[in-house]
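Q: I am new to this kind of picture and would like to learn how to read it. Could you take me through a few features, one at a time?

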Amino acid sequence: MEEPYFIELLPVDSLEKLEFLKIKDYVADYCVSEIATKTIKEEKPLSDLDLIIAQSRIVQDLLNAVLQHETIPIAPFSPIKQLFPNIKAANSNLEIEDYFLIKQVLQNLESLNDYFDDHRINEYPALHKFWRSFIYETLVYNSIDKVIDENGLIRSNASPELVRISKSIQAEERSLDAKFNKLIIQYKKEGWLTENEESVRNGRRVLSIRSEHKRKLHGIIHDESATGKTSFIEPQDIVLLNNNLFDLWMDHRKEVRQILINLTDEIRPYLETMMVWEDQLVQLDAMRAKAIFGHKIKGSIPKMTNQVWFDLKKAYHPLLLLKQTEESKAIIPLNLHLGKTNRFILLSGPNAGGKSVALKTIGLIQIMAQSSIPVPLDPSSELRIFKKIFVDIGDQQSIEDDLSTYSSRLTLMRNMLRDADEDTLILIDEFGSGTDPQIGGAIAAEILIKMLGIGSNGIITTHYSNLKIIADQRKGIVNGAMMFDKHSLQPTYQLRIGKPGSSYALEIAAQCGLDKNIIEQAKKRMGNGIYRVDKLLSDLEDDKQRIDLLIKKTETKEVQLDKLMKNYERMSTELEIKRKKLKLRTKEMDLQYQHKYQQQLDKSIRELKKMKDLEKVKEISKKAQLEKQQIRAEVETLDEAIYLKANIKANPVDVGSFVKHEKSGVSGELLRIEKGKGVVQVGTLTMTIPIKELKSAREPLPHKPQKSIQTQVFKSAFDFKTQLDIRGLKGSEAIQVVETFVDQALMANAFSIKILHGKGNGILKKLVKEKLAEYSAVESISHPDNEWGGDGITIAKFVR
């Protein structure tokens, strides 16, 4: 990749000043290979939009995989390119451990090749395209796997000759073991052996003989212990066996070398291809590390364009986020927009108010995004691609060039003005400082005007009032301030665009306990003009904070009011449902009474037909009427007694007081009493209720806007009303009412329920049936006979 693809940085240590090197260290920790770690640390931010978008899409797919808890199968591996020059010549070969390193790389490729099968193309399209951008040949891995096992050793069956030699070695070793064990038993009985009994010297098995007995044993003395008390002797009886074994191992080494030469011949045509494979694997390892780090900081890939604006929403400094995770401290996000109208922002405000942090946040997020690293901001943010980023943060003093801090900053400003263009982002902290404020402010003003003419974008922090005036009067630049609480004298770290900020130097000096006389004299020395401007800025910021607080409170009250209105609407709907339920109960009781009366009437007619006695008929009819009147009187008497008893200890109800209707449980304000009935205001509805059915109640509690969970527990099925009327309700309202009704029925352990929905176009009937089908406790769903409502009523029975 050529240099034009990378961001031009000024000065060269800009990445360090923006703390991007720390970000690289964090990312590198998630790499599984040293070569990917090195790649991350040496990587430069890109300036080509197409390359950035291509890489960012791959990282986004990897980030999505991390969010889905998927593991991309990459195991630790070592670089292999440096091995290839050694095997370009014929009859050359690598060591076994070198082939094992190559096999580890190829094992990763095998796993990844299986992982990126065709069904991944929809899940991770960019990642799949990246992996399929090169051709992987499994032939190379198969060739190495036939020779090298999973532990990095030569397989015993790597060639027919090696199999034969290996078997001969095993047979010779068994013979040697048998002979050796026999000699050990013999010499141990004679007391010639030391405690260790045997050892290995010069690659041959030997006996550990006490030195005083070494002349008694025929054989070759290979060594003696440091004390001279032990001699290591190869008995004459096993010399021949050892010689045979030694020859076999020599044959084994020769065969292994030939196998490796043959293997090298097989893979030599693929050396260049394997270097491409390794590069691809390293890139994937590095991008995977970026995705994992992005997940760590809750980052995302923003939209990136070549437009002349960029828009940051809820942006966080990533290093502060990591620190916040450790210390559980809240961080205030940053919102910033730069475009055609305002290409520069001049930030002002008190020291330690967050100006420098905001500046670094913007610069660091820009560098990270152009390095395809997820950034902690709202995904709807937009960033433009800069080809140059110029940074002036911190001390620019140069001892080598014999330049002071201010001289170094002026030199840097000169270079910025010389090299900046429309694709440049300029970040300057404490602009104009380092020399006499009046002179420094004047020079800074002229440099700023020059920068505005170039067409660059930038963020500049300062305390100079003359620069604030320029930002207020000239096009292309806007004032901004880091918010400060004037009363607590603490920074809020919130960025406000449109107005400059005060330094609050006098207020902070007073808080620090500086003598009041010194502060007053300082005010006089400042001059009325400067003091009034600073005070005006301070007062404006204070007013802005108060207005923002009032707006916030107003918005909160609007939300509460909206919730309260919705609650009243819900209560009105519930009240209407209860009214319809009461109406339905009345009708059902009438139907039951009429049915019972009809049965009695039919029975009487049958009896009368048998008797044929008119006087007797009159007598029976009169008796029935008397019984009916007597029952009705008893009911009314009982009803009166029940409500009198219930209200005997209650306070009498008065107009203007709050009352409760015992039968429905509804509460409201008693507006007036007319002919034994009370007119009650319930929410937005007015109800007329017999006075005897009302009792005094407390004022209803105001509705709280927060969500709550209410549970109604019924003592028995008799407390639960098993009938529901949803006629006249909308589909969505009906479903909610039915669901609540069925839930209550199940809690009450009801045997069956009846839902009156009417016939109409059949929509409510269908919705009710579908809702009941969702309950496993519903045993059957049916409709009564036509004379009792037919398809206009649905009856559900529950499993007992």
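Q: How many residues does helix α14 have, and how far does it reach from its first C-alpha to its last?
A: This is a predicted model, so please take each value as computed from it. To read a helix span, set the distance between its end C-alphas beside the span expected at 1.5 Å a residue. Helix α14 covers residues 437-454, which makes 18 residues. Its reach is 25 Å, close to the expected 26 Å.

Q: Which residues of α14 are buried?
A: Here a residue counts as buried when its relative accessible area is under 20%. In α14 that applies to Gly-440, Gly-441, Ala-444, Ala-445, Ile-447, Leu-448, Met-451, Leu-452 and Ile-454.

Q: What follows α14?
A: Gly-455 does, and its phi is positive, near 95°.

Q: Why is Ser-372 called buried?
A: The cut-off is a relative accessible area under 20%. Ser-372 is called buried because its relative accessible area is 1%.

Q: Where is there a cis peptide bond?
A: Omega is the angle to check. The bond joining Leu-10 and Pro-11 is cis, with omega about -5°. Pro-11 belongs to the loop between β1 (8-10) and α1 (14-17).

Q: How many cavities of 30 Å³ or more are there?
A: The count is two. Sorted by class, the lining of the largest cavity has eight nonpolar, three polar and three charged residues.

Q: What lines the second largest cavity?
A: That cavity holds about 30 Å³ of space. Its lining consists of Phe-20, Lys-24, Val-27, Ile-40, Glu-43, Lys-290, Ser-371 and Ile-373. Helix α2 (residues 20-28) gives the most, with three residues. By class, the lining of the second largest cavity has four nonpolar, one polar and three charged residues.

Key. Residues are numbered from 1 along each chain as its sequence is written. This is a predicted model: local features need pLDDT of at least 70, side-chain atom pairs count only at pLDDT 80 or more; totals for chains, interfaces and linings use all residues. Side-chain values use heavy atoms; hydrogens and water are left out. Helices (H or I, at least four residues) and strands (E, at least two) are DSSP runs, numbered from the N terminus. The expected span of a helix is 1.5 Å times one less than its number of residues. Buried means under 20% relative accessible area, exposed over 50%, partly exposed in between (1.4 Å probe, protein chains only). On a 1 Å grid over the protein atoms alone, a cavity is a set of points where a 1.4 Å probe fits but cannot get out, and a pocket is an open set with protein on both sides within 12 Å along at least five of seven lines; lining residues have an atom within 4 Å of a point. Grid points are joined across faces, edges and corners, and a volume is the space filled by probe spheres set on the points. Ala, Val, Leu, Ile, Met, Phe, Trp, Tyr, Cys and Pro count as nonpolar, Asp, Glu, Lys and Arg as charged, and the others, Gly among them, as polar.
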